[in-house]
Amino acid sequence: MKNVATSTAMPSVKTACAPPEGRGRPVRRLRVSAAAAILLAVPLVAGCAPTAAPAQGAGLERFQDQSLQWAACEDAQLAGTGAECAMVTVPLDYSVPEGRTISVAISRIASTDPSQRRGILLTNPGGPGGRGLGMPADVRSGMTEGVAKAYDVIGMDTRGLGESTPIDCGVPQMTWMRSAGADREGFDESVVRAKEAADACWEKYPDILPHINTQNVARDLDVIRAVLGEPRTSFLGQSYGTFLGATYSQMFPDRIDRLVLDSAPDPKKYGITMFQDMGPANEKAIDDFSEWAASRSSEYGLGTTGVEVRKGIEKLISDAALSPIPVGNYRLDDHILPFLMYASAVSDSEEDNEVFAQVLVQLRELADGRNVELHPKLAGLARAWFHTELGTGSDFSATLAVVCGDVTLPSDPEWYWNQIQEHRLDQPIFAPVHNTITPCSFWRAAPTAPVAIDNATPSLQIQAVGDTRTTYEEGLGMHAAMKGSRLVTIPGRIHAVFPSYGNECANRVVNEYLLEGTLPDKDMTCK
């Protein structure tokens, strides 16, 4: 393909300031009926809300006053958690509330004692593009008895995703997580794939994509709050969900109650810089795992030193360039294997380290031509990569729609190539992953001007030192932007702490805050 002039400069984004939304009509409580229902960029500095943003409440009465029909979720696994599901109608374009509408799917696990219920807890698992209908069950599993009584926990598939009115561009694989590989040919193929994905989305959804972004998801949250009859809502978000929660607190400062931010990015780096920050963090995770595996060389045979284990991983990837590894019906080459390393090294728990080691052992056996029964983790990761072959690749489309609708990325392929080359030595596995081009570089519309996260909303932030997705340094950026936050630091490597990491201190602090509304006196570190 034709190369364009080399450029290392990053584009800037002009923004205009607007006051917070949410100063519209008072919200009255509504009765919710029960019946049938359903069921990981550049402006590096966030700007202000666009002056054209609609005032929340203007013309939204018919959405805020709608009645919900709750019923058991159609998905059997979801229904088995005790969740109910419903559909909420929202405007596609909030500046034209009388125009086209879309549906947003929500779920609810109700308070265990309505007499002690204090409100709702909206949730988001991140992504963007992470399906959220199942999150209430996860959150409820970590709640104490008192907190379970206090809240209806609400999940949602955000606009464009899952059971909500979905978009499906037919995106082949996770284009933005495909390693560019070792040479220019592989990078050029990534450029082609990125452009094809962007073109596929815009040719299919030119009228919808401009309205899928974090600010509109925040507006959807506020409609849900109003429909549920609550003057204020608490919120617990993980990963990207923290960016959504912080955006909501900025746009609707009078509507936010208790706010938990679990594993947050720096809002000023949301975009390509956030993605690039993952590179060194994931390389360190590989180093840490390699030391763990070397101390168990008699069990796994991956090497007797950390250096030897790491070299074995790097060789597995480089050899796959010539001989892709057969995994079931799939073939994993050097463009795909780094994703498996990325997904496997996210946690330093003993169980997760053991699974990672087992996956590596099996990959070596498969590379040697041995016939083995696939490890569930390896089979799952292969299916996740080739998601569209399973007919559920719409999640990829929703991810792209939000990220590309939020931020502008460099459009010059040479910028990415230069970044990859600059970091190959210090990031031998992840430089071609976290510096490569994405479909956002070919997005056909400029994103809406971002909302600057800068407020004193009281909030509780949980951040792990070894987080490979939203690094600890990124979390400090969110902590600085949310001036009313208290930071709880968690030693170890994990992304999304509450409740699954099992840190008793972190779980206790979250429960105490949700129940009593009292933040720690100062930032603290859990043992």
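On a 1 Å grid over the protein atoms alone, a pocket is an open set of points where a 1.4 Å probe fits, with protein on both sides within 12 Å along at least five of seven lines; lining residues have an atom within 4 Å of a point. Grid points are joined across faces, edges and corners, and a volume is the space filled by probe spheres set on the points. The model is predicted: local features need pLDDT of at least 70, side-chain atom pairs count only at pLDDT 80 or more, and totals for chains, interfaces and linings use all residues. Residues are numbered from 1 along each chain as its sequence is written, and side-chain values use heavy atoms, with hydrogens and water left out.

The second largest pocket holds about 430 Å³ of space. It is lined by 19 residues, of which Gly181, Ala182, Ile317, Ala321 and Asp334 are the closest to its centre. Two or more lining residues come from each of α5 (184-204) and α10 (306-319). Helices here are DSSP runs (H or I, at least four residues), as are strands (E, at least two), numbered from the N terminus. The lining comprises 7 nonpolar, 5 polar and 7 charged residues. In this scheme Ala, Val, Leu, Ile, Met, Phe, Trp, Tyr, Cys and Pro are nonpolar, Asp, Glu, Lys and Arg are charged, and the others, Gly among them, are polar.

Helix α8 (residues 272-294) has 23 residues and spans 34 Å from first to last C-alpha, close to the expected 33 Å. The expected span is 1.5 Å times one less than the number of residues. Of its 23 residues, 17 are buried, so α8 is largely enclosed by the rest of the structure. Buried means under 20% relative accessible area (1.4 Å probe, protein chains only). In helix α11 (residues 337-344), 8 of the 8 residues are buried, so this helix is also largely enclosed by the rest of the structure. Val147, in helix α4 (residues 145-150), is buried at 0% relative accessibility.

Aromatic contacts were counted next. Rings of Phe, Tyr and Trp (its six-membered ring) pair if their centres lie within 6.5 Å; planes under 30 degrees apart are stacked, over 60 edge-to-face and the rest tilted. The count comes to 14 aromatic pairs. Tyr240 and Tyr270 form a tilted pair, with ring centres 6.3 Å apart and planes at 35 degrees. Tyr240 belongs to helix α7 (residues 240-251) and Tyr270 to the loop between β8 (256-262) and α8, so the pair ties together parts 30 residues apart in sequence. Both Tyr240 and Tyr270 are buried. Tyr330 and Phe386 are stacked, with centres 4.6 Å apart and planes at 5 degrees. This pair links strand β10 (residues 330-332) to the loop between α13 (376-385) and α14 (394-406), 56 residues apart. Tyr330 is buried at 12% relative accessibility, and Phe386 at 8%. Phe289, Trp292, Tyr300 and Phe356 are linked into a cluster by ring pairs.

Arg108 lies over the face of Trp70, 4.1 Å from the ring centre. Arg469 lies over the face of Tyr342, at 3.6 Å. Tyr342 is one of the buried residues of α11.

The Gly127 to Pro128 peptide bond is cis, with omega near -10 degrees. Phe498 and Pro499 are likewise joined by a cis peptide bond, with omega about -10 degrees. Ser239 has a positive phi of about 60 degrees although it is not a glycine. Ser239 is buried, at 7%. Ala496 has phi near 80 degrees and lies in the loop between β12 and α18.

Notes
Buried means under 20% relative accessible area, exposed over 50%, partly exposed in between (1.4 Å probe, protein chains only). A charge sits over a ring if NZ of Lys or CZ of Arg is within 6 Å of the ring centre and within 35 degrees of the ring normal.
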